[in-house]
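Trainee: I've got a structure to go through with you. Can we start with the charged pairs and then move on from there?

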Amino acid sequence: MTVTAPVAERPAKEPKQSKRPQRFNEGTGRLAALLLSPTLLVLGLVVLFPIISALRESLFTSGTKLDANGFIVKGSTFVGLDNYLDIFKGDTGHRFWNAFYNTTFFTVVCVVLETVLGVAMALIMHKAFKGRGIVRASILVPWAIPTVVSALLWKWIFQADGVANQLIGAQVLWSTEGWQSKLSVIIADTWKTAPFIGLLVLAGLQTIPAEVYEAAKVDGASVWKTFTRITLPLVKPALLVAVLFRILDTLRIFDLPFVLVGPHKDSVETLSMLAYDQAFNTRYGPAAAYATVLFIYVAVVAYAFVRILGADVIGEARAKKPGGGGGGGKRWKKKNAVKGSADTSVGAVAMGGGA
Amino acid sequence: MAVAGSLALLATACGSGDDGSSSGGSTAGALEGRGPITLASGKDTSGNLQNQLNAWNAKHPNEKVELKELPDDADAQRQQMVQNAQNQSDAYSVLVTDVVWTSEFAANQWITPIPEDKVPDLGKLVPATVETAKYRDKLYGVPITSDGGLLYYRKDLLTAAGITDAPKTWDELLADCQKVAATPGGKGMNCYAGQFEKYEGLTVNFSEAVNSAGGSIVDKDGKPDVDTPQALAGLQELQNGFKTGAIPKAAITYKEEESRRAFQDGKLLFLRNWPYVYSLANKTDGSSKIAGKFAVAPLPGKDGPGVSSLGGHDYTISSFAKNKATALDFINFMASEAQQKDNLSKTSLAPTWASLYDDPTLIKQFPYLPQLKASIATAQPRPRVVKYGDVTAAIQQAAYDALSKGSDPKATLTALQTKLQSLITP
């Protein structure tokens, strides 16, 4: 069904790539700079400025001392890296590593569950059957619900006399410290975001040409073989981007545990909640330090993910060989039409899905 | 990622309270200037606040008050007020502040002192409520609404068990539970519940237990004083309640509404809650199984009547506001007997005007007023400290550990005392 579009695209794409190294002439370069400047300005304002400002803020502290009249001494003092060092010291250090563990735990468990369920959902949604439209829409409903609202829904389900306890026939106090509160967050998060992975993978599935499956059938490949050798490799670019987005999102998880279980609960306290807690008590320096540490953690994880698995986030590796990750992002290889059609970025995948 | 990086900045960089007009911070201290002002208050759920403002505006066409509605959630209200103050914006003139925020706001000089002689009705207000508006013996606001805990009890079951009066002590309460459990109607009933989830309500309930046993969390001079035998007795009472099952296990997840539902479903003999439960539990539309079957009493204590924590709101003046003279007049208007009476009868919010609790027509409308008066008259404010957010979190941590994990109460209080000492600077 979608086979014609990518194949037709091929000749147009090849020359573009060979043009890449070619220099722009001066006029074109100036025009490009001019055209890009509004974007760069906006990016600088909304991305660069807050980051630099937060970094600066994290080196200061304010409002910690009272004067003789009981008024807080105004102004902020430069404390260097003290805010960062404090994070790892004593009680706060214990709290930090606990939150660090929780954040990582939620990320690993939730993303794995969501990926498995999401792919399963995508495979179901991809099948042609009666009422497919309704199934697709209903699977996407959780994703459309704001996190706080879904947290409130699940809170209602998980309360002491709630539906969850009625179903399992035992009185589990879900919001108390322990594995049960972690489990409640995992269930609610998976319920909400598996459809997101499902949606992106579905878009990827729709770009896989039917001929490949036909060929597999002719060759007598089993269903499992077809799935592992054809579907997975060809859907991998879309899947990796979806998983990366989920990882970045889950590392910042805040509202779900905050509303569903509550603040200051060791079992579900995450790094974002620590930063929030500091900011809430008007200690913006330490809050910025926590936020920066989280920022670095997220950045490192994202970088590692892209390097190791070769996730094609911005679609630059359009011509990269599928499955040829492991740092092969810079290599440009020739490949046959089928591979090229699957190795498209998310944007192209989504467009292909509509074809 | 950028969002994560700038999380902390939201509070400082993205404040939108300032509408471009110049800061009025320089006039802090002097209550001068007349003209239009604003009132920053939590969501006006009853709609009566706007009515009151209309009444004021009709009389003062040149000094109109505009309502700036803040979110329903108290934390969100505080956050907006803090942002507004940090931007030194004059967008909010009069702030409706929770009684526990006074110290923090005053110490940061976000709100302005009000000379006591400028509030002529101060003497008519319940003294305990006026204390909530003070920081270091200086008045920073006027209490307009109050709130105190009440003991709700199943009068029908107590009568059936031959008990005529509500319990005045914890021992009496537990004994009453035993007696009721022996009657046919008392089968499967839980004895007592309050609010024990890890949130502000736990601070309220823990403080009440400690105060009711003769202890305190922070003493009169503002120093932590929680490592005492009295405080220990209070904490142990709650802990034993959970251990013996007098307090149901599920109560560790109760906030106000969860505990109200348990009481309304007829599962609880005694409930500690605020006055708002009264009319809801008396609804005859089927939502409550105990309409007309319960009564209220002041909270019980260790050896006599208990001590409630104080709720409610003070009206304070932002240091950065213009037209502070108008703001003060407006606060005095809201504190007046006529306005408080009107507000009570329309919203059922507890007033601070002492004599209203003895008004026969109001008592007819709100039969719990005499008990509420007793509750508020002897109530203690929660710790009045600058770092209230940290202090209440520390209290919740200690109490929650003791109640949910059964940690050693003595060691818990010793640790809490140390923690509070580091948070409360003399």
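Mentor: Fine. This is a predicted model, and a search of the whole structure gives 26 salt bridges over all chains.

Trainee: Staying with helix 4 of chain A, at what angle does it pack against helix 13 of chain A?

Mentor: About 35 degrees, for helix 4 (residues 90-126) and helix 13 (residues 284-309) of chain A, with the axes 13 Å apart.

Trainee: Is that crossing left-handed or right-handed?

Mentor: The crossing of these two helices of chain A is right-handed. Helix 4 of chain A brings A:Thr92, A:Phe96, A:Phe100 and A:Thr104 to the contact, and helix 13 of chain A brings A:Tyr290, A:Val293 and A:Tyr297. By class, that contact has five nonpolar residues, two polar and no charged ones.

Trainee: New topic, the interface. How many residues of chain B are in contact with chain A?

Mentor: 42 residues of chain B, in contact with 42 residues of chain A. The area buried between the chains is about 3,600 Å², and carbon and sulfur atoms give 59% of that.

Trainee: How many salt bridges are found across the interface of chain B and chain A?

Mentor: Three. A:Lys265 and B:Glu197 form a salt bridge through their side chains, at 2.8 Å, N to O. There are also 10 residue pairs in polar contact across the interface.

Trainee: Which element gives the largest share of the side of chain B that touches chain A?

Mentor: Helix 17 of chain B, with six residues. The residues on that side of chain B divide into 19 nonpolar, 12 polar and 11 charged.

Technical notes. Residues numbered from 1 in each chain as written. Chains lettered and ligands numbered in written order. Predicted model: local features only at pLDDT ≥ 70, side-chain atom pairs only at ≥ 80, totals over all residues. Heavy atoms only, no water. Contact = heavy atoms within 4.5 Å. Buried area = accessible area lost by both parts, 1.4 Å probe. Salt bridge = Lys/Arg side-chain N within 4 Å of Asp/Glu carboxyl O. Polar contact = N/O pair within 3.5 Å; in protein donor to acceptor, adjacent residues only side chain to side chain. Helix = DSSP H or I, 4+ residues; strand = E, 2+ residues; numbered from the N terminus. Nonpolar A, V, L, I, M, F, W, Y, C, P; charged D, E, K, R; others polar. Axes fitted to C-alpha atoms, helices over the stretch in contact; angles between N-to-C directions. Left-handed = near helix turned anticlockwise from the far one by under 90°.
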